[in-house]
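Me: I have a structure open on my screen and would like to talk it through. Could you take my questions one at a time?

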Amino acid sequence: MKPGPFRYHAPRALEEAIGLLSEYGNAKLLAGGQSLMAMLNLRYVMPDDVIDINGLPDLAGISVTDDLIEIGSMTRQRVIEHDAALMRAAPIFRDALTHVGHLQTRNRGTIGGSLCHLDPAAELVALCMLYDATLTVSGKAGERRLPMAEFPAFYMTPSLMPDEILTRITLPRWTEKHGHGFVEFARRHGDFAIIAVGVLLALDRAGNVARCAIVIGGAGAAPLRLKSAEALLIGQRPDPDILAQASATAREIDAMDDNAYSADYRRHLAGVLTGRALRQAVECAA
Amino acid sequence: MTANREIAVGQEVIGQSVPRLEDAALLRGKARFLDDLHAPGQLHAAFLRSPVAHAHLRSVDTSVSRAMPGVRAVLTLSDLRPSLTADRIPLQFRNNGLPEAITPFVLANTELLFVGEAIAIVVADSRAEAEDAVDAITLDLEDLPPVADVRDGLATTAPRACLDRANTYRDFELSYGDADSAFGDAPCTFQLSIKQHRGAAHPIEGRGILAVPDPLQDRLKVWSSTQLSHEARYFLSLMLGLDETQIDVAVPDVGGGFGAKYLVYPEEIAVAAAARQLGQPVKWVEDRREHFLSAIQERDQYWTIEVAADTDGRLLAIRGQMIHDAGAYIPQGINLAYNAATALPGPYVLPAYQLSVTVAATNKVPTIPVRGAGYPEGTFAMERALDGIAERLKLDRAEVRRRNLIPGDKMPYKTPMVSRSGAAIVYDSGDFPAIFAQALEAVDYPGFEARRTAAAAKGRRLGLGVGCGIKGTGRGPYESATVRVGRSGQVTVHTGAMPMGQGVKTVLAQVCAEQLGLAATDIKVICGDTTTVPVGLGGFASRQTVVAGSSVFRAASDVRQQILVAAAALLETDIDQITLNGGFVACPGTNCRFSLRDVAEIAAGSPGYALPPGVWPGLEATVNHIPEGLTYGMGAHAVEVEIDTDTGLVTLLRYVVVNDCGRAINPKLVIGQLHGAVVHGIGNALFEFMGFDAQAQPTTTTFADYLLPTAPEIPRIEAIIAEYPTPTNPLGVKGVGESGCLPVAAVIMSAIEQAAGLRYGQLCSIPLAPPDLIAALDAARG
Amino acid sequence: MTHTAETLHTVTLTVNGAERSAQCTARWSLADFLRHELGLTGTHLGCEHGVCGACTVLVDGKSVRGCLMMAVQANGAEVRTIEGLARDDGPLSALQKAFADHHAVQCGFCTPGILMTLVEVLGDTPDIDEREMREALSGNICRCTGYQNIVDAAMAAAKACR
């Protein structure tokens, strides 16, 4: 099980990498490689050129300001997991990252690689959707920014031009006091989730829901925001009845069938896990 | 040999958890597995495999691939024919009553029968280049309808899995007592439909072979990661038209077997034939995808049984049918189905039994035994039946088992069944109710209801399952051992036994060391090398400690006697005055002592001089011990589970296994075997599923899709050794390599039923995935 | 079928403290390079798709899948493998010895990857508890042992590290 032959390029500057990407038709960008290398070994993908961006300067790093979290696309998952400022600003990352693969894959895997691979159940993709992240990409035509909601084009395919590289992920911080919940269901520790649910939730002084975001991963081609439930909860006291109503909406989502799990089971899980994540978030927000 | 050691060793070696001889090399990365071997000039092989489950193979175009960089040869069956005596590998292991033309081809002929069947072998300078050339071969195929489900293949209108033969390989019936009359007026009768699936073996090291031809001498040296080196030599010689003097098989360190390496495969023949044609060494290392596609599996059995019991819950009879998915070929007989059928009664009194078995074809990779070898399937059926009785008669599940277990005073217990050799199945020793009671005590069975209630108060749903199994171990007809004291004083054991992780070398060294007054570390053990071991059968059926251990024991006893005779000549005293300890023979009370090396020197003789009276040339004995039938080790299991009724998640909280090993040579190693087997059973119960679609196309061909259990899913396992020495071998030992996996799935299902409030005996399809549990809960709610 | 012309890359890295250099094409994984170019066959390949963990080695102190990294990417890196845990002529390391003492090795094929994972885990979190240890080992599959003795050996080694 060896990869097909390819040429290897290790650009030292972003412009050089973009140049290589636009020059070669059948090229693959190599970030942490924790999905791509396996796909190369299995010959699921057979690029002629592999452009390794691990040597590019300035693509890795985390900065946390009063209202923004900025993460370079080549930041390793393990670095994110251990970044104290990020964990204070967005503690849901810690809960989510414990589910991301294994120690060895987090040591290499990057947030940008995870986003561009766009596995429907990937935790980091779900978190970016939860935070309404803004993605910065660079290409021949220069730099552009796009909202996370527009990033997935279709199944496991980001809306990037062939010469574009994801460089930066910007998350607006929830600066108000808020709670979070992240729950996922997988058969084994570290497996891709069958369903994962993330919740951010803030209460007003009266104890009613002031702001809420809910994301469900693993159900469809890309993680989806449960807007109906978010709207339902705003202004409400988060008692068991309303939380049950909110999680019931998760049972109505479009979900995919595959060899292992039916759409019905995924919807069922989405409902169950949404309830659990909401309860966690409410408890944490109080 | 350690010089001048005074510590007493020998008599206390057996029964001690001595450190493994194997560990240092493995822990330092210095062990030698198949792919670690490098022969000068070696080339690398890759196979083109069938992309479809059933098709006519009209033509293979290798012209492009032959011209690719690094490619030395691209060979199909017709290209290999000059080096082969036959297209098909003969049936391995004698078996009567099977049709002709059912064994695999070395490479596919004109009809492709499963996805993964090897069609062509590419030999190149590197594996990567060989795979490039595989991708460049084009096939002209005409699709044929496949049989994807063994049951569908039995319909009169079904397509044939192979055009030349019917889909049924063989029907047989196992029957004793009068089951039909027993059902006549039985107060408690019910039916169970059982679907059992066991996946593939998945040793972490796949199969592999390195064939090194020696054109000068017309010889072939083969290294194979196999469980049966002597059978490999025989089948290679048969297929290549060589005799035993022309071919040797050696086995490097083996990274697990579990049944997958207990077969001589088409790939091995093809690699050896290609190496001979090219006159250069060729290596093939199976990758994980190839293991999914082409290594044997156990897969599917469908049981439909009726159970009859009296009002006390005692079994009266079981009757029914079983359909066994044998796959596209029969490489080695139908022992898997036969074992499953004969395993059903297990450690229980079953007065009447009648099972009709159909062994039939699918367009899937062939099935032969994986660890457990059919016994888990038979055990599952019986344990589900006992739970069904408990459910219907409102009896405690443990009580039902107590009432049906063969009483301790009935040993030895002759069952009405015969093994595949035709010999009666006789349970030789053990107190089954006592072993069962020990498991209940270890899991605190009486205290469980309180634990369950306390957990329920916190919203947690717990369940407990108990059950038993019994495995025939130590299968014959023999195993070889030569024990030798070399002139250096080094003691060696040569045997046909084949280690693949169990610690066989350590165990055999312990047995030998005890006889010779040495420590296990003093003994070198050489396994399965056909250059130094003339005959042998290898590693299977939990047999090595039993059969090879007995051979080593007897050979070492003989060598001990030879040492004493020669020592008597050296020490000029009577044999009964001599001690043999720590590498020395001595006369207690005198300063007279000699090393084993000195003794070996006497026995080696000196040219022209007579050996001392009674001294036999060389200190050496060979014994090929022939066991008297199988020896049966009974085990009792208990598991506590917690279920999440919302997601269907099953969490195992604790696991207890008590298993009779006759006599533990090395208790730590026995426990290790039980741990591993239990976890294999957990995989079968909850995780491992080899999926195929309606076209018999495999859908789980990576470790991301086929779920082997990992550390977080596994609970603490409390493994307890019971010792009921068997009279059937001189060591009193029983095998433990497989027995730990027998009732695992059954006890887990029983525990889940309790936790979920389902009917006992209801969950009859394994593996049970979370959606299956949700579906069962939904159905129960109506 | 057109074929991409392959070029040879020179890879120079430090392995177990010694500088090593060899040539390979880009498609060689780090694991294959260590095994077949440098002769360090203690690192094993069990699945080649990043799940089983048998090929785990340390690159610049971090455990990684040797099958999911190209050898060219390790150019200039500091690599540690199973062969570096103890000197050939010296005693086993405490971790290796714990594995022998607890019978945490059966066939031993997965063992090198597990030991290399544990080198990092024990270095980072010697106060780890059993549940965390099982999660830390979740990226390494063992078919023989059932994990319990591995976990016990790892916990004993962790205790000795504290």
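What follows is a set of questions and answers on this predicted model.

Me: Staying in chain C, which strands are at the edges of the five-stranded open sheet?

Reply: The sheet has the strand order 2-1-5-3-4, with mixed pairing. Neighbouring strands are turned by 40° against each other on average, direction ignored. An edge strand here pairs on one side only, and that holds for strand 2 (18-25) and strand 4 (62-65) of chain C.

Me: Over to chain A. Is strand 13 of chain A largely enclosed or open, and how many of its nine residues are buried?

Reply: Strand 13 covers residues 209-217 of chain A. Buried means under 20% relative accessible area. Strand 13 is largely enclosed by the rest of the structure, because the number of its nine residues that are buried is seven.

Me: How many bridges does strand 12 of chain A make with strand 13 of chain A?

Reply: These two strands form a hairpin with five residues between them, where Gly207(A) takes a positive phi near 90°. Within the pairing, Ala202(A) stands opposite Arg211(A). Strand 12 (residues 195-203) and strand 13 of chain A pair in the antiparallel sense, and the number of bridges is eight.

Me: And what about the next hairpin: which residue in the turn between strand 13 and strand 14 of chain A has a positive phi?

Reply: Strand 14 (residues 224-225) of chain A runs antiparallel to strand 13 and is joined to it by two bridges. Val215(A) stands opposite Arg225(A) there. This hairpin has six residues between its strands, and the turn residue with a positive phi, of about 95°, is Gly218(A).

Me: Chain A also has an open sheet of five strands. Which residue is the bridge partner of Val137(A)?

Reply: The order of that sheet is 4-5-10-6-7, with antiparallel pairing. Strand 6 (residues 134-139) and strand 10 (residues 165-172) of chain A pair over five bridges, and helix 1 (residues 14-23) of chain A lies across both, at about 120° to strand 10. In strand 10, the partner of Val137(A) is Leu166(A).

Me: Is Thr110(A) buried or exposed?

Reply: Thr110(A) lies in the loop between helix 6 (103-108) and helix 7 (111-117) of chain A. Its contacts, not counting residues up to four places away in sequence, include Ala31(A), Ser73(A) and Met74(A). With a relative accessible area of 2%, Thr110(A) is buried.

Me: Now the interface. How much area do chain A and chain B bury between them?

Reply: The contact brings 22 residues of chain A against 29 residues of chain B. Met1(A), Arg187(A) and Arg188(A) supply 37% of the area that chain A buries against chain B, more than any other three residues. Of the total, 55% is on carbon and sulfur atoms, and the area buried is about 2,100 Å².

Me: Last one: which residue of chain A meets Asp132(B) in a salt bridge?

Reply: Across the interface of chain A and chain B there are five salt bridges. In one that involves Asp132(B), the side chains meet at 2.8 Å, N to O, and the partner is Arg43(A).

Notes. Residues numbered from 1 in each chain as written. Chains lettered and ligands numbered in written order. Predicted model: local features only at pLDDT ≥ 70, side-chain atom pairs only at ≥ 80, totals over all residues. Heavy atoms only, no water. Pairing = 2+ DSSP bridges. Helix = DSSP H or I, 4+ residues; strand = E, 2+ residues; numbered from the N terminus. Axes fitted to C-alpha atoms, helices over the stretch in contact; angles between N-to-C directions. Buried < 20%, exposed > 50% of the residue type's maximum accessible area, 1.4 Å probe, protein only. Contact = heavy atoms within 4.5 Å. Buried area = accessible area lost by both parts, 1.4 Å probe. Salt bridge = Lys/Arg side-chain N within 4 Å of Asp/Glu carboxyl O.
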